[in-house]
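Subject: Structure for you to look through

Hello,

Please find the structure below.

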Amino acid sequence: MADNKKTATLSFGDQTLELPIFTPTAGPDVIDIRKLYADGGVFTYDPGFTSTASCDSQITFIDGKKGELLHRGYPIDQLAENSHYLEVCYLLLYGELPTADELDDFEMRVTKHTMVHEQMHNFFRGFRRDAHPMATMVGVVGAMSAFYHDSTDISDPWQREVAAIRMIAKLPTIAAMAYKYSIGQPFVYPQNDLDYASNFLRMCFAVPAEEYEVNPILSRAMDRIFMLHADHEQNASTSTVRLAGSSGANPFACIAAGIACLWGPAHGGANQAALEMLKEIGTPNKIPEYIERAKDKDDPFRLMGFGHRVYKNFDPRAKVMKQSADEVLDLLGIEDNPTLQVAKELEAKALQDDYFTDKKLFPNVDFYSGIILEAMGFPTSMFTPIFALSRTVGWISQWREMIGDPQQKIGRPRQLYKGATSRSYVDVENR
Ligand code: ACO
């Protein structure tokens, strides 16, 4: 917890400032610079926020050096082994593992909200069929505030709660609808006697013309993918959600902002990019060529699914994902999958190469998730929407924590200005 007893001394020019230091429950000490500008007239410079804590939080902790990820103190590998997605959602939202009754009640509340407003079907139909499902999701999730305005008043705790449940319940329906629309098939309504992951698989792969039976092995693997992506503390998309929410914007608009940020290939888009890269490599004999390209400073190519801003040791989620990939391909009877072979050999070769070990570049969660999703039958364009629906609980938990924080104020970073100083306007004929 913060103790404020330790201080750091900062000297510059003829000034010396004593800055309070907070000691967290885990992780490095944090120097409090909130009064730096008021007391010292200077800003700090930290593009990409590599050394800046933007908030205090009790939800998720990552130790990048140890390769540790904790949700409310529970290690991700224990959760992946013993828990399931909706229980992890409860944990992230409310801070404790639920009792059996609390879990039943929570699951019932989520299940009762899985359908979307019927009018939303028309909204989907306004998109081009060939739109990327992420493009559709950014639009549709943003539009939820137009459909559910009885849960947009952020000052009302009950409305905040309903908005959270609505988003956890409806994101799988929206992601599945985006997919169905893109392939020209009819939307499949949720079926509430199925668990969360099975329901999603059914909404994606069932058609009205046939019975659809959910494979429990695939459903378990799907649930695990949801769990492994549920939250990851103050990453780019979560910080985007917090920054959007800091102005008082409604939660649906904030989550849409998070989805937009997640889409980029350096973040959530990496799982699609990683699988596409593995397929482009195609055969193990081409791996050295791609490794050389990744190391070449003049070539913009990077090994997708490798490296992480925080993990400078193995990504603990990647370990579980690798194991899951093996299990799913095995159980589906997909032996000698060439993409998996390339992935394993690429990982092995990169980990023997000084470039990657010196820079502490290890496979991240996205390196293996694409292989599992493809084996399940998802096209690459659905990988990031699946990440988005899994991460929604993390975003909404972090947003709720921020709204409930009495210290919360609108986010407003400063800048190191390097542009022109004040000059006079010149008429067009004199330029
Ligand atoms: N392949 C080759 N070189 C790399 C890679 C990579 N995947 N990642 C980083 N490097 C190199 C950089 O060129 C840089 O080299 P330099 O010091 O000689 O200039 C060094 O390693 C540090 O890289 P940064 O980009 O400064 O590291 P940062 O922590 O800012 O970036 C990031 C992390 C964006 C994830 C990066 O590793 C990357 O682009 N990886 C590929 C994309 C990816 O897999 N993203 C998924 C992230 S996980 C997630 O969102 C769930």
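How many bridges join strand β2 to β3? Two bridges do so, and the strands, β2 covering residues 15-22, run antiparallel. Before going further, note that this is a predicted model.

The sheet

Opposite Val 30 in β3 stands Phe 22. The sheet as a whole is open and has three strands, in the order β1-β2-β3, with antiparallel pairing. Its edge strands are β1 (7-12) and β3 (30-31), each of which pairs on one side only. As background, the strands of a sheet pair through backbone hydrogen bonds, and the pairing can be parallel or antiparallel.

The salt bridges

A search of the whole structure gives 19 salt bridges.

The side chains of Arg 400 and Glu 161 form a salt bridge at 2.8 Å, N to O. Arg 400 belongs to helix α18 (residues 383-403) and Glu 161 to helix α7 (residues 157-182), so this pair ties together parts that are 239 residues apart in sequence. Is Glu 161 buried or exposed? With a relative accessible area of 17%, Glu 161 is buried, because the cut-off for buried is under 20%.

Next come Asp 315 and Arg 317, whose side chains meet in a salt bridge of 2.9 Å, N to O. Asp 315 has a relative accessible area of 1% and is buried. Arg 317 is also counted as buried, at 3% relative accessibility.

The side chains of Asp 326 and Lys 344 make another salt bridge, at 2.8 Å, N to O. What does this pair tie together? Asp 326 lies in helix α14 (residues 316-331) and Lys 344 in helix α15 (residues 338-351), so the parts tied together are 18 residues apart in sequence. Asp 326 is partly exposed, with a relative accessible area of 31%. Lys 344 is partly exposed too, with a relative accessible area of 31%. Partly exposed is the term here because these values fall between the cut-offs of 20% for buried and 50% for exposed.

One network remains to be mentioned. Which residues do salt bridges with shared partners join into it? They are Asp 105, Arg 109, Glu 161 and Arg 400.

Regards

Notes: Residues are numbered from 1 along each chain as its sequence is written. This is a predicted model: local features need pLDDT of at least 70, side-chain atom pairs count only at pLDDT 80 or more; totals for chains, interfaces and linings use all residues. Side-chain values use heavy atoms; hydrogens and water are left out. Two strands pair if DSSP finds at least two bridges between them. Helices (H or I, at least four residues) and strands (E, at least two) are DSSP runs, numbered from the N terminus. A salt bridge is a side-chain nitrogen of Lys or Arg within 4 Å of a carboxyl oxygen of Asp or Glu. Buried means under 20% relative accessible area, exposed over 50%, partly exposed in between (1.4 Å probe, protein chains only).
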